[in-house]
Structures are given as C-alpha cells and as structure tokens.
There are 2 protein chains.
Amino acid sequence: MDTVKVFAPATVANVGCGYDVLGFALEGYGDELTLTRRADDQLVIKAITGASGIPLDPATNVATVSIRALLQELGVSAGFEMTIHKNISPGSGLGSSASSSAAAVFAANELLGRPFTRQQLVPFAMKGEEAASAKPHADNVTPSLLGGFTIVRSYDPLDVFAIPFPSGLQAVIIFPQVEVKTSDAKKILKKQINLSDAVTQWGNVAGLISGLFLSDFDLIGRSLQDVIIEPVRSILIPSYDEAKQLALALGALGYTISGSGPSMFALTQHASVAVAIRDQVSAFYRSRDIEVISFISSINANGTVVIP
Amino acid sequence: MDTVKVFAPATVANVGCGYDVLGFALEGYGDELTLTRRADDQLVIKAITGASGIPLDPATNVATVSIRALLQELGVSAGFEMTIHKNISPGSGLGSSASSSAAAVFAANELLGRPFTRQQLVPFAMKGEEAASAKPHADNVTPSLLGGFTIVRSYDPLDVFAIPFPSGLQAVIIFPQVEVKTSDAKKILKKQINLSDAVTQWGNVAGLISGLFLSDFDLIGRSLQDVIIEPVRSILIPSYDEAKQLALALGALGYTISGSGPSMFALTQHASVAVAIRDQVSAFYRSRDIEVISFISSINANGTVVIP
C-alpha cells in the first residue's frame, strides 16, 4: 500500500464540566487526508482545500509536525506527500488542527504497517497541537483518534481512553461565524479558582461519567454544568446566555461551549429536539446578523478511519 | 412493629480525588441502633455504648436531630427511644456521626411504614451531620444509607446516587490512635487552588469512576491520586508518607486519607496484599509507639439494614 485516504472527525473538547479532560467525536464532519509514500524522505503538503490561511510549510503545519514526531519515535526515515481537505474551519472550537494531526498520524501509521495502536498515536498528534497552540493538548486529538467519549486522565504520564456512551445521544453544533482566538480564551481564565467551585465541578464530572455509563440521560443533563470555565469564556461569544436559554427551553439536556468556542453544543436524545435547537438557535443568531453553521451529529464511535 | 434494630456501616469519604463528592461503605464495622416507638412524642436516648463523650441530649445528639428533621418533613408527631452501640470512635475519619444519623433515620422510617426511600433519607441524616460539624455533609451519610460506592453530584439541589463497583475490591483501614479534629482538617485547606491542580483532580475523578464501572483495577489505582487535599491534610497524620510508601510497595492500588483522617485506607483486589498491608502498616505504626486499629473490608453493597 503506497496511498491511503483517511477521515478524522471533528471533536468537542471540555464537554462542560470536563475542561482539558473530556471530549467526544462528531459524525460526518472532519478532515479528509490522502497520504502517499514518497521515494525520498521529504514531507510535502501538496494542497489544502476547504480552508484558507493554513501553512503548507512542513516545519509548521500540524500534520507534518505530527508525522515527524511519529517517524522520530519509530526511528525510521520515510517520506510522504499529502493533500488535506478540511471541512472544519480553524478557530471553530471543533478541533480543526486536531483533526488534521489525527488524520496525518493515522494515515502514516497505516502506510508503515501499523507499528502503533490508536492510543499510542495520541502523543504524536499532540505534537501537532503544540505547533498550533503552544501547548500539547490531548482533549481533541484523543476523541478524533479513538472515537466516542474520551477521557484524558493524566498528561504526565499520558493516560487516555474511551468510555461507553448511550447510542441515542446526539449533539447539536452551533458555530457562529465570529472569531474567538484560543490564546484569548486561555488568557482570560483565572489561574486560581475556589475550592468550592472545583468540588462542584468534579461532582459534575463524576455525574457525567456515571450518566454516560448508565445511559441515564437525565443524569447527563444535570451534570452538564460548568461553574469555572463557561462563566468566563462565554463573555467572548455573542448572545451566549440567550442562545443557551433558548436551547434549554427547547429541551436540551445541556448547552455549553465546545472547546474554547465560539462553537457551542447541545446534547439531546430526541431527534425532534435536536432539529428544533439547530433551527431555532441558528435563526436566533441570524436575527442578530450573525451567520451560523449548525448541524446535528450522533457521537462518532469509530474515530479516525480509512475511507475509499 | 414497635421496635427495630438496624446496622449502619462506617464509611470512607473523599476517596482520594473525590473530596466532598465520593464515598464508600464498609462491611461489618459501624453502628447498631435499636429504636422503639413511644406512646408520647419524646425522643429519648437511653444509652450509648462502645464510645464515650457522645451527648445523650436529644437536642444535640446527631441521631435524634436527624429523626426530628424526618418527623418535621413528614409533618407527624411521634416519639421514639433508642439505644446506640457504636463501634466507630468519633474522630476516626470513618463517618462515626454519619453512621448514627443514618441508622436513626433508617430505623425511624421503618417504624413509620417507610414513607421515604433511602435516597430521600439522606437530607435528614445530613441534619445530624450539621449538628456534629456545623456543615451538612452528605459524603458519609450517603454511602452509609445507600451502600456501595456513592457520588454526591450536587448539594443544591441534593443529587446523590450509588454506582457499580468491582466485587473483588477490598479496603484496608488503618486507624492510628491519634486525634485529628475535623474542624482543624477543614481549616488548613486552602480556599483557593490552582486551576491546573483542579484539572488533574477531575481527570482522576473521571478515571476513578470509569475504573469502577469497567472493573479496571489498574485504572482505579492510577486514578487514586489527590493533588489538592492530601498534600495539606497528611501533615496532620504522623508518619503518613512512610505508611503510604509501605502500602504502595506492598501492592496497594492506592493509599490515602479516609475523610478528614486520621484513618487511612488502601484499596486492593488481592486478599494476600490486603493482609500484608494491614499487618505491616500496623506494625510500622506500633514500632513508632502509635497504637492502631486496622481491618480489611470488602465494599458494603447494602448500606443500612435491619438486623435481628
């Protein structure tokens, strides 16, 4: 096999109470990457379609940085060229760079005869995240690679895994076309928090994980609360509180920020509720002259996959 | 039925990473309470055996305070007299007052024809905790009433429930005979913590809950880490670090403080490891001239029960 084409899903990180720890993968929305083995040892990005402003320089592009980390760990010299089709804009809060990193290391691993498991690919994809945002996040690359609902238990040593989730669970993504820089979203967070708020937060983490294992939608909904990050970051998203109240009034289990925003997501087990949230929250933003990309997705259990 | 005798188990609260949220119930160690209906509407404590210094005054004893809260909610006037046999000392860190409160409300509920579920009894028992420590904790009364591993997801509104745990899991309790006042153990905690430490903590909460659901002992062990409370409170427990290192060297999945101490607990799935920890950590403390009560317990799945 000299060429492989893969799909790496977009992802929602943080998931309310689980800042830097929880994430899940989306269905049908993500990056496609075609990787071809080269005779030399060069890494070459031939084209990136679907988004602009992404560097083609292999020294700074997240896909090539991630593959280089993989090759270095493997101790082999190999060359690849690639085309990337993105349907997640950078700066969406849906793990755009993570999808490219995940796709790249997954494809390279396929062409090299699968020396690594999916979980073992995570640290290489994190090198791409580090190139994109100066910090080696794992909370988007983990769900993009593994699929499903994922936990980053620890960064040092790295300990990541997927957990079960109820099959009927659906996410509604609301992506207003405004810019929130990840670096700004990081900067405005307080470095010190109240212990009492932290207790509230890990009570909700315990509840959310339990709700996912138990397929208890009501418990999932009660646990989708974030008393630490959302109150600060939501200031960067226009009309956040009104959009959230609208989604909750329409029956969302919960509604909060995806990653560092501006995308937001609702969870629900009801198709009709999902449609109502998608349509009415989108209409709400358009009534405020803010364009919106919105879609409904089940939780993607497969993660990154080879596609025809 | 005019008389009922109940057993309410001792409990381990916090469980490492889950300060104020997680807890589990112990087997064979707890309070026995015999409750008898009276013709008048008085609450009377006839005797407390097994521990000294506990008030018999129904206005301050946690058992009578809890029953009074139950009667008030029910809107009935009823009188009871009781004898309590404690085999958990107050100040152990094993939920001594919580066991009395749990036993009292469970017994009263039985004699009144079970108007409340176990979960509904938790707020009444919390009134006893409030009488004992000025704060209505739920993290000991919940496992004592419900049994098993429990989560206090939220205090307002109160949201408590039990989750599955692997049947082979055993706790080793090490209770050095030194005094740690709960009020001191509360006071020395910092009210502000680093966000980065909080993230580490809720990563471990997510890992521990997942490990319990998945019966993944290794994951339970990796997640039994507390970077916020243990580093501060362990200072109040003599030779804590050495005892912990000894238990871990003997194969404990984890070893940390029970509640606010001075009791400590190890978890393991191996009977031989449990015996080694119990014997060698006890011997270690005795070699330092500190007397120790120690025992091995499986996780008590039943909570408070009627006994013959």
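Visitor: Is the crossing of α9(A) and α10(A) right-handed or left-handed?

Guide: The crossing of α9(A) and α10(A) is right-handed. Bear in mind that this is a predicted model.

Visitor: Why are α9(A) and α10(A) called roughly antiparallel?

Guide: The axes of helix α9 (residues 240-249) and helix α10 (residues 271-287) of chain A cross at roughly 155°. Angles over 145 degrees count as roughly antiparallel. Therefore α9(A) and α10(A) are roughly antiparallel to each other.

Visitor: What else describes such a pair, besides the angle?

Guide: Two packed helices are also described by the distance between their axes. Here, the axes of α9(A) and α10(A) come within 10 Å.

Visitor: Which residues of α9(A) and α10(A) meet?

Guide: From α9(A), they are Glu242(A), Ala243(A), Leu246(A) and Ala247(A). From α10(A), they are Ile277(A), Gln280(A), Val281(A) and Phe284(A). Residues count as in contact if their C-beta atoms, placed from the backbone, lie within 7 Å. By class, this contact has 6 nonpolar, 1 polar and 1 charged residues.

Visitor: What is the strand order of the open sheet in chain A?

Guide: The order is β9-β10-β7-β11, with antiparallel pairing, in an open sheet of 4 strands.

Visitor: Why do β9 and β11 of chain A count as standing at the edges?

Guide: β9 (254-257) and β11 (292-298) of chain A each have a single partner strand, so one side of each is left without a neighbour in the sheet. On average, neighbouring strands of this sheet are turned by 20° against each other, direction ignored.

Visitor: How do you know that β7 and β11 of chain A pair?

Guide: Pairing needs at least two bridges. Strand β7 (residues 170-176) of chain A and β11(A) have 7 bridges, in the antiparallel sense. In this pairing, Ala171(A) stands opposite Ser297(A) in β11(A).

Visitor: Which strands do α9(A) and α10(A) touch on the sheet?

Guide: α9(A) packs on the sheet and touches β7, β9 and β10 (264-268) of chain A. Its direction makes about 155° with that of β9(A). α10(A) also packs on the sheet, touching β7, β10 and β11 of chain A. The direction of α10(A) makes about 170° with that of β11(A).

Visitor: What are the two domains of chain A?

Guide: The domain assignment gives domain 1 as 3-163 + 301-306 and domain 2 as 170-298. Their C-alpha centres lie 24 Å apart. The contact takes 20 residues from domain 1 and 32 residues from domain 2 of chain A.

Visitor: Which elements give two or more residues to the domain 1 side?

Guide: They are β1 (3-13) and β2 (22-38) of chain A. β2(A) gives the most, with 4 residues. By class, the domain 1 side has 9 nonpolar, 10 polar and 1 charged residues.

Visitor: How do you know that β8 of chain A pairs with β8(B)?

Guide: At least two bridges are required. Strand β8 (residues 192-194) of chain A and β8(B) pair over 3 bridges, in the antiparallel sense. Gln192(A) stands opposite Asn194(B) in β8(B).

Visitor: How many residues does the contact take from chain B and from chain A?

Guide: The contact takes 32 residues from chain B and 32 residues from chain A. Elements that give two or more residues to the chain B side include β8 (192-194) and α6 (195-214) of chain B. α6(B) gives the most to that side, with 13 residues. By class, the chain B side has 16 nonpolar, 10 polar and 6 charged residues.

Conventions: Residues are numbered from 1 along each chain as its sequence is written. Chains are lettered from A and ligands numbered from 1 in the order in which they are written. This is a predicted model: local features need pLDDT of at least 70, side-chain atom pairs count only at pLDDT 80 or more; totals for chains, interfaces and linings use all residues. Domain bounds come from an automatic or database domain assignment. Two residues are in contact if their C-beta atoms, placed from the backbone, lie within 7 Å. Ala, Val, Leu, Ile, Met, Phe, Trp, Tyr, Cys and Pro count as nonpolar, Asp, Glu, Lys and Arg as charged, and the others, Gly among them, as polar. Axes are lines fitted to C-alpha atoms, for helices over the stretch in contact, and angles run from 0 to 180 degrees between N-to-C directions. Angles under 35 degrees count as roughly parallel, over 145 as roughly antiparallel, 65 to 115 as roughly perpendicular and the rest as oblique. A crossing is left-handed if the near helix is turned anticlockwise from the far one by less than a right angle, and right-handed if clockwise.
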